[in-house]
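Please have a look at it before I go on.

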Amino acid sequence: MIMEKLNPTVVQQSLATVPGWNLDAQGLAIHRQFVFADFVQAFAFMTEVALAAEKHNHHPEWSNVYNKVSVTFTTHDASGLTLRDFVLAEAANQAFRRYQQA
Ligand SMILES: C[C@H](O)[C@H](O)[C@H]1CNC2=NC(N)=NC(=O)C2=N1
């Protein structure tokens, strides 16, 4: 499915729906850092997000150091942000909420 690059107005509106995510300086990617109780929770979260990413055929740029997971979403095929980036950002937020309650 072809994903359209979102215009700056729609990017701002979409950003408002995913708490904790920030736009990069160029407006081409969104980023959030997630902090967990320990490495096991951080890695379990990554597994969940990886499965969601595969399901949507949309993959994160990310890194992990102990209990922290740094996640960036951009759409390489569109050289910018598409709806798919925000769908995955929301999926990551939903997964993270479960670890906050645990
Ligand atoms: C061929 C394959 O479907 C594409 O390269 C997909 C895979 N995952 C992807 N992930 C991300 N983040 N951006 C893409 O443009 C992208 N494209």
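By a nonpolar core I mean a set of buried Ala, Val, Leu, Ile, Met, Phe, Trp, Tyr and Cys residues joined through side-chain atoms within 4.5 Å, where buried means under 20% relative accessible area and exposed over 50%, with partly exposed in between, using a 1.4 Å probe and protein chains only. This is a predicted model, in which local features need pLDDT of at least 70 and side-chain atom pairs count only at pLDDT 80 or more, while totals for chains, interfaces and linings use all residues. Residues are numbered from 1 along each chain as its sequence is written, and side-chain values use heavy atoms, with hydrogens and water left out.

The largest nonpolar core has 25 residues, and among those with the most contacts inside it are Trp21, Phe34, Phe36 and Val69. Helix 3 (83-101) is one of the elements that give two or more residues to this core, and helix 3 gives the most, with seven. Helices (H or I, at least four residues) and strands (E, at least two) are DSSP runs, numbered from the N terminus.

Turning to helix 1 (8-15), we find Val11, Ser14 and Leu15 buried; seen down the helix axis, the buried residues fall within an arc of 100°, taken from the directions from the axis to the C-beta atoms, so they line one face. On the other side, Thr9 and Gln13 are exposed.

As for the strands, which pair if DSSP finds at least two bridges between them, strand 2 (residues 30-35) runs antiparallel to strand 4 (residues 68-73), joined by six bridges, and Phe34 stands opposite Val69 there.
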